[in-house]
Amino acid sequence: MNLRDRREFPVYLGFVAPALVVYLAIVAYPVFYSVFLSFSDFNPNKGGNWNFVGLMHYTRMLQDPNFWHALKNNLIVVAVSVFGQIPIGFVLAYILYRNMVKARIFFQSMLFLPHFLSVIVIGTIWKRMFEADGPVSGIIQFVTGDPSAQFTMMLHANQVMIPIGFALIWIYTGLYMIIFLANLQKIEDSLIESAKIDGANEAQIFMRIIVPILWGTILISSVLAIAGSLKGFDLIFGITTQGLQRQNALVLPIFMYETAFRDYSDPMRFAYGSTISNAIVIISLIMIVFSNFISKRFNPGEEE
Amino acid sequence: MKKALVLLIVIMMLVPFVVIAGGQQEQGQKSEKIVVDVMAYGDNSNQEGVSWKRIVEAFEKQNPNIDIDDEMLYDEAYHQKVVARLAAGDVPDMAYMGADARWGAPWKEADQQWDHREYLDPMYDRDLIPAMGPNGEIYEIPLGTSNITTVLYMNEDLVKSLGFSAPETYEDMVAMVPAARQAGLDVVTIDGADGWAWGSCLMSAVIARMSGDRNWVSKAVAGENKFNDPAMLKTLEFVQQMVEDGVITEKSVLVDYGANTSKYNNGEALFMVQGQWVAGAIENPDVKAATQLMAWPELPGQKDGVEGSVAAAIQVGYGLTKNGASDPAVRDAALKFLNYFYSEPESTQRLRDGAIVAPILKGYDVPEDIEPIVKRKVELAQTAMNTEVIDAFLTGAPNDALNSGAQKIVAGQATPQEVADQVEKLVRQ
């Protein structure tokens, strides 16, 4: 730090300090407290003394079948987000950008509309869609001619993520479409025109020009999708009913919630819940680092 | 220009101080009042929440020196906030609470249950308020007498239209299946998509019948009975049998609370399984008039001594916390509010709304002009033997396993033995 920097340090501090204090109090403190709890037997509701228990909760978590079930479901959500929402959003943005459909504004608005709704409201709407004799069952009854046919995927642990994945695509694809569309509109028209003059077809323009230019946007979208998928709670909570459906569709944040806030029979539920929260953060970081690695590997020269 | 800019900055910097000073002045005025911090239950769209707001407003008008500072939440949001506030040490002075494994557990764990006995107004009928602690403590004032969770609602007109009468045995209900199916009706509708409905509203009644012991559940939790004993196995097998007999349909595991009530309201089912509180939600006037509230008829394999029993839990209500009771001024203000809240006119209103079975007031007479459905509820409460509600004693993972286990049995994904073994294993862990 040189003399000028030292003189200006209080000014920098004046700018940064208020936000830093708020950040430390609201974000950093709970994070550190959660880490502390996960290594202790402390129950904040009960108070009293706490003891260091080492990795006890982490060991328990790794032996808990619910954790692996929730992790599997979370990875399905991540896969749906990264390999479903982003590619579909990208393709839709490209279709709109290249004016391949009429009434572009209408389609753009319709696709983005779900994003304006509260996720809990969306969850409730989809819950109604999947209920007994609901609209989806009605379609099945119409197609099969069996008036007793029902949509039962929500009752099966190995099928429940299919309708949920569909709902996730319906909600979030519009968001990625808007992100891609905004970035596509920054591309000079002359670039595409010159490619056309050189004889490039639509597929070549898409793969050789558009995709490389937007690689950084794809990466950022992937990071957003991964982080959003792992912390996602509201949609699955809203779309499932308490009991078998929610157990089938268990994801890590709901597992954490059910453990810390509902399992009164477990006196160490807060510590165990914190352990699950920390696992969510660790898994998110691993996946983001992994997606960065993949991105660099396949497009080493691109901006990030 | 420079001076004007400096002046603007100074004014902007002064704004927060002025606002804070104003707030402190307001706080000063407020501090002259006794503030009772309350966690209330309900929301602005349901009767419970609307009534609460009205009562608070009227009470504060009558008692300008008392401020009921309430935070009103409903359902999961309420339970979540209770846990969060207690864990953070932000204990309210008074709250909507219970004394069982679900509604009382967080308060008990936080050591915030306060014994009201010494301070209860003589207007309450102490015989109608059950003991909630080991020494007869009363931790909350129940909204009403025991909360029946296993009511069988019967649409009498619909049953008669098919040529039947009120069932005396389970077999009588089975006999209704072909005619009901022919008419496109369900025999019994249950909100089977909600796991808790199986435990609270169905199996709680069945376990007492199959065991012949009204206290089987608490004994099982204490280790005297096992959850894979024959009584519980027979209970789970009965759930399976109901589906096989067509009394409950397989699709009931896809029907949630709202859809279940709508189904009954719309005359699409002969019977509905739910708690006593749903009586207030039956809005179709024809269905309401035709509804009889009854206990389950005699079940196959039922033991003697528990005929016509219903499962019932101690009703939830409002109670002071130890934190609130520690300040005599707050304690007295809160008790004054409670006496207003539970007064005869308000209790009668609650009765009319269908929210309670009967008030817990001394010498209370049910008004003559009360709706027939409410009268029938009172009759059921007065005549039926009460047995234990499962989730008043069983909580957490074992209770979830039992409820979702029943759903799996109905969906054909598990056997009664598998579910019973799983619950027993979790309880003993």
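In this predicted model, the largest nonpolar core holds 193 residues, of which Ile207(B) and Leu270(B) touch the most other members. At least three of its residues come from each of domain 1 (34-146 + 315-363) and domain 2 (147-313 + 382-428) of chain B. A nonpolar core is a set of buried Ala, Val, Leu, Ile, Met, Phe, Trp, Tyr and Cys residues joined through C-beta atoms within 7 Å. Buried means 20 or more other C-beta atoms within 10 Å of the residue's own, with C-beta atoms placed from the backbone. Domain bounds come from an automatic or database assignment. Ile207(B) contacts Trp216(B), Val217(B), Ala231(B), Met232(B), Thr235(B) and Ile390(B), leaving aside residues up to four places away in sequence. Contact requires C-beta atoms, placed from the backbone, within 7 Å.

Strand β3(B) spans residues 94-97 and is covered on both faces. Met94(B) and Tyr96(B) are buried on one side, Ala95(B) and Met97(B) on the other. Strands are DSSP E runs of at least two residues, and helices H or I runs of at least four, numbered from the N terminus. Strand β1(B) (residues 34-41) runs parallel to β3(B), joined by two bridges. Here Met39(B) faces Ala95(B). Strand β11(B) (residues 317-320) is antiparallel to β3(B), with four bridges. Tyr96(B) sits opposite Tyr318(B). Pairing requires at least two DSSP bridges.

Helix α14(B) (residues 328-341) reaches 20 Å between its first and last C-alpha, close to the 20 Å expected. The expected span is 1.5 Å times one less than the number of residues. Its buried residues include Val330(B), Ala334(B), Phe337(B) and Phe341(B).

Residues are numbered from 1 along each chain as its sequence is written, and chains are lettered from A and ligands numbered from 1 in the order written. Local features need pLDDT of at least 70 and side-chain atom pairs 80 or more, whereas totals for chains, interfaces and linings use all residues.

Notes. Buried ≥ 20, exposed ≤ 12 C-beta atoms within 10 Å, placed from the backbone. Contact = placed C-beta atoms within 7 Å.
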